[in-house]
Amino acid sequence: MKEKPNKISLIIPYILETEDEDENKYLESIKNEMSDCGFEIEKSGKNTWEVHTTPDRWKGTEKDLRDSILSKKLEPSEIIRSIAAMTACRAAVMDGHVLDDITASRLARDALNLEDPHCPHGRPVYTELSREKLFMLVKRT
C-alpha cells in the first residue's frame, strides 16, 4: 500500500463514458490522484475519457473500473485498497497448504507484529485462546 504502483500501458485504452457534466467534473477532480494510483486518464471527448495505464496489480476489467469510479464513486485510494485486498487474498496461505518450519515461524511472527491484525476484508488474522477456553473446548476442567 505504501509503495507507488508500477504502471502498465494498455494497448487499447479503457473507455469511460460519462452520463453528465457532474461525472465529468468528478473525473477531472480525481484525475491526478488516479495517476498517483497508477491509472492515467484523460478526457478525449465531450463525455468520453480514456484510461491509458493501470497499476500492474489491477486484475479488473474496464467495467470494474467504471463501476468503481462512476457507479460506486470510490475514492482513488479505496480503489487501490481494493486492488491490494484482492492481491493479498490471492497470495494468502490457503487451508491445506503446508508450510515449511521457517516460513511458518516467520509468518506467525509477522502476524503478531501487524498494526491491524485483520485481512483487508475485516477477518482476524489470528485469535487469542485462553487456557480456560481451550480446556472448555476439549471438555477438560
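This report describes the sheet, the helices, the salt bridges and a surface patch of a predicted model.

Three strands make up an open sheet in the order 1-3-2, and their pairing is antiparallel. Strand 1 (7-17) and strand 2 (40-45) are the edge strands, each pairing on one side only. From one strand to the next, the twist averages 25°. Strands of a sheet pair through backbone hydrogen bonds, in either a parallel or an antiparallel way.

Strand 1 and strand 3 run antiparallel and are joined by seven bridges. Within this pairing, Tyr14 has Val51 of strand 3 as its bridge partner. Strand 2 and strand 3 form a hairpin, with two residues between them.

## Strand 3 and Thr54

Six of the eight residues of strand 3 are buried, so this strand is largely enclosed by the rest of the structure. Thr54 belongs to strand 3. The relative accessible area of Thr54 is 4%, and because buried means under 20%, this residue counts as buried.

Neighbours within four places in sequence aside, Thr54 is in contact with Asn6, Lys7, Ile8, Leu10, Tyr14, Gly38 and Phe39. One of these contacts, Tyr14, is the residue whose bridge partner in strand 3 is Val51.

## Helices on the sheet

Helix 1 (residues 21-36) lies across strand 1, strand 2 and strand 3. The angle between helix 1 and strand 2 is about 150°. Helix 2 (residues 62-71) lies across strand 1 and strand 3, and runs at about 65° to strand 1.

## Salt bridges

The count of salt bridges comes to five. Side chains of opposite charge can pair when their charged atoms come close. One of the salt bridges is between Arg66 and Glu19, at 3.9 Å from N to O. Arg66 lies in helix 2 and Glu19 in the loop between strand 1 and helix 1, so the pair ties together parts that are 47 residues apart in sequence. Arg66 is partly exposed at 21% relative accessibility, while Glu19 is exposed at 63%.

Helix 2 also holds the pair Lys63 and Asp67, whose side chains meet in a salt bridge at 2.7 Å, N to O. Lys63 and Asp67 are four residues apart, so about one helical turn separates them. Lys63 is exposed at 56% relative accessibility, and Asp67 is partly exposed at 22%. In helix 4, Asp110 and Arg106 are likewise four residues apart, or about one helical turn. Their side chains form a salt bridge at 3.8 Å, N to O. Asp110 is partly exposed, with a relative accessible area of 39%, and so is Arg106, with 42%.

## The loop at Leu99

Leu99 sits in the loop between helix 3 (76-91) and helix 4 (101-112). With a relative accessible area of 27%, Leu99 is partly exposed. Beyond its neighbours within four places in sequence, Leu99 is in contact with Val93, Ala104 and Leu107.

## A nonpolar surface patch

Leu129, Leu134, Met136, Leu137 and Val138 form a nonpolar patch on the surface. Together these residues have about 490 Å² of accessible area. Leu134, one of the patch residues, is found in helix 5 (residues 131-137). Leu134 is partly exposed, with a relative accessible area of 38%.

Key. Residues numbered from 1 in each chain as written. Predicted model: local features only at pLDDT ≥ 70, side-chain atom pairs only at ≥ 80, totals over all residues. Heavy atoms only, no water. Patch = residues over 30% accessible without salt bridge, like charges linked within 9 Å, V, L, I, M, F, W, Y side chains within 5 Å. Areas by Shrake-Rupley, 256 points an atom, 1.4 Å probe, with all protein chains shown as cover. Salt bridge = Lys/Arg side-chain N within 4 Å of Asp/Glu carboxyl O. Buried < 20%, exposed > 50% of the residue type's maximum accessible area, 1.4 Å probe, protein only. Pairing = 2+ DSSP bridges. Axes fitted to C-alpha atoms, helices over the stretch in contact; angles between N-to-C directions. Contact = heavy atoms within 4.5 Å.
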